[in-house]
Amino acid sequence: MPIMGQEFVLDDIDRAIVEQLRNNGRASNQQIADTLGLTATTVSTRIRRMEDANQLRVVAVSDFSAHGYNVLMQVAVEVEGRPASDVAAELAQFPEVFAAHVVTGRYDIDLLVVLHDFDELPTLLFNKFGQVRGIRSILPAIAVDVIKYKFDVAPIEDRAAS
Amino acid sequence: MSLPQLDDLDRQLIDVLAKDARVSNRRIAADLGVTEGTVRGRIKRLQEERLIAFTAITGFGINRAARLAFIGVQAQVDDVRAVAQAIAEVPQVNAVMVTMGQFNILAICLFAELENLVLETSDRILALPGVHHVETSIAVKTFKYDPRVVRITAASAPAADAGDDA
């Protein structure tokens, strides 16, 4: 597991362990060790090192519905007269805004918005988005069916900060 | 769509496991003041109902796929599900949803080089039968994103939990 500068490089053993964990994050060190022909100590050490380098988290992910969210929307926002980053930072404060990115292209900000119910839409539009300066137009796309949602690569924040 | 019934213990379990899935049932039971059997049973139920899934999340650095792109697709309306399925098979594509809006499919993908995004992803989507138009926007800066709350689809749910200790 060489560390080159700031960059953390995984070797084949690390990758094999990650693969096992992707399939079952709750597999025991011993189970993983048996499958890969390693010792449980090696497995545990490798996992800890990847976690300490903020390159790995073994977690439970939960479905939107487990949090009571029934409505999922992608919302493109066009900005005028204000830096898009400022508008995005402000929009990111709303709990309904689940993800916020400044993007290239015709629209300036891409949001993922979650709602418990469509009844929450007027409050979101009038009392929240409506109060943010710099929004020129809003283009929603309502998710009707989620075909694929792979969630195993993501920016990882420091555990101390999370 | 009816929502699942979750009580406080379910929510506490989700919180604990979202931070670290490798905590043993014994430890969780002791921390939450319930029996190990209760913890095991609850986790099993949450997994079976696809409310939680255990997985390994790796940093962007590992796959060197540092950037996120959103590809809006205008696809033939009467065949939109089949087109969405075909898009989901493109390896670089992480998420695909059928939407109602200016585009009827949204694909989200990760890429390392602009060339990969165009040649291996958007070009491949464009070439699929039933696709009329694609429009790509690239995330330049992310202000908010929680990788732990997701849509668990039948295909994305990893194997059910077998183990106890970790």
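Predicted model: local features only at pLDDT ≥ 70, side-chain atom pairs only at ≥ 80, totals over all residues.
How many helices and strands does chain B have?

View 1. Chain B holds six helices and six strands (DSSP runs, H or I of at least four residues for helices and E of at least two for strands, numbered from the N terminus). Along the sequence they follow the pattern α-α-α-β-α-β-α-β-β-α-β-β. Of the 166 residues in chain B, 47% are buried (under 20% relative accessible area, with a 1.4 Å probe and protein chains only; exposed is over 50%, partly exposed in between).

**View 2. Helices H2(B) and H3(B) packed together.** H2 (residues 25-32) and H3 (residues 36-48) of chain B pack at about 110°, their axes 8 Å apart (lines fitted to C-alpha atoms over the stretch in contact, with angles from 0 to 180 degrees between N-to-C directions). The two helices are therefore roughly perpendicular (65 to 115 degrees). From H2(B), Asn25(B), Arg26(B), Ile28(B) and Ala29(B) meet Glu36(B), Val39(B), Arg40(B) and Ile43(B) of H3(B) (heavy atoms within 4.5 Å).

**View 3. The two sides of helix H3(A).** Val43(A), Arg46(A), Ile47(A), Met50(A) and Glu51(A) are buried in H3(A). Seen down the helix axis, these buried residues fall within an arc of 130°, so they line one face (the arc is that of the directions from the axis to the C-beta atoms). On the other side, Thr41(A), Arg48(A) and Asp52(A) are exposed. After H3(A) comes Asn54(A), with a positive phi near 55°.

**Notes.** Residues are numbered from 1 along each chain as its sequence is written, and chains are lettered from A and ligands numbered from 1 in the order in which they are written. Local features need pLDDT of at least 70, side-chain atom pairs count only at pLDDT 80 or more, and totals for chains, interfaces and linings use all residues, while side-chain values use heavy atoms, leaving out hydrogens and water.

Definitions and conventions. Parallel < 35°, antiparallel > 145°, perpendicular 65-115°, else oblique.
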